[in-house]
Amino acid sequence: MAGEASISSDILARYAADAAREVPGVRGLSESPIPGRRGVRIGGSNGEVRVELHLAVDWGTSIPELGRDVQQRVRDYLQRMADIEPAVVDVVVDEVGPRP
């Protein structure tokens, strides 16, 4: 019997958020106006998955380096946990933590 499985956008968003939080320098996800999607949007079409993360980061963190690390971590995590290779992982820094 052949079948097809799918994973909801909510689960993919949760996986992406978990992966992003594991990167040093990420304080958390920024608030989102979209209910239930705190700081993460999952979209796409034609079988492609697009991830957009809105982050709060620590003061003094290299934002370009952090962005690359988050992109790689999210790609690896989604590949391992959901067998999905996102076409795009966009990282938006909305907040920089308080100066120490």
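Contact here means heavy atoms within 4.5 Å. In this predicted model, residues 24 or more positions apart account for 67% of the protein's contacts with a separation of 6 or more.

The protein has 2 helices and 4 strands. Along the sequence, these elements follow the pattern α-β-β-β-α-β. Of the 100 residues in the protein, 34% are buried. The accessible surface comes to about 6,300 Å². Carbon and sulfur atoms contribute 47% of that surface.

The packing of the helices was examined next. Two packed helices are described by the angle between their axes and by the distance between those axes. Helix α1 spans residues 9-21, and helix α2 spans residues 63-82. The two pack at an angle of about 135 degrees. Their axes lie 8 Å apart. Angles over 145 degrees count as roughly antiparallel and those from 65 to 115 as roughly perpendicular, so α1 is oblique to α2. The crossing of α1 past α2 is right-handed.

Residues from both helices build the contact. Helix α1 supplies Leu12, Tyr15, Ala16, Asp18, Ala19 and Ala20. Helix α2 supplies Val70, Arg73, Val74, Tyr77, Leu78, Met81 and Ala82. By class, the contact of α1 with α2 holds 11 nonpolar residues and 2 charged residues. No polar residue takes part in this contact.

Terms used:
Residues are numbered from 1 along each chain as its sequence is written. This is a predicted model: local features need pLDDT of at least 70, side-chain atom pairs count only at pLDDT 80 or more; totals for chains, interfaces and linings use all residues. Side-chain values use heavy atoms; hydrogens and water are left out. Axes are lines fitted to C-alpha atoms, for helices over the stretch in contact, and angles run from 0 to 180 degrees between N-to-C directions. Angles under 35 degrees count as roughly parallel, over 145 as roughly antiparallel, 65 to 115 as roughly perpendicular and the rest as oblique. A crossing is left-handed if the near helix is turned anticlockwise from the far one by less than a right angle, and right-handed if clockwise. Ala, Val, Leu, Ile, Met, Phe, Trp, Tyr, Cys and Pro count as nonpolar, Asp, Glu, Lys and Arg as charged, and the others, Gly among them, as polar. Buried means under 20% relative accessible area, exposed over 50%, partly exposed in between (1.4 Å probe, protein chains only). Accessible areas come from the Shrake-Rupley method with a 1.4 Å probe; for residues, only the protein chains shown count as cover.
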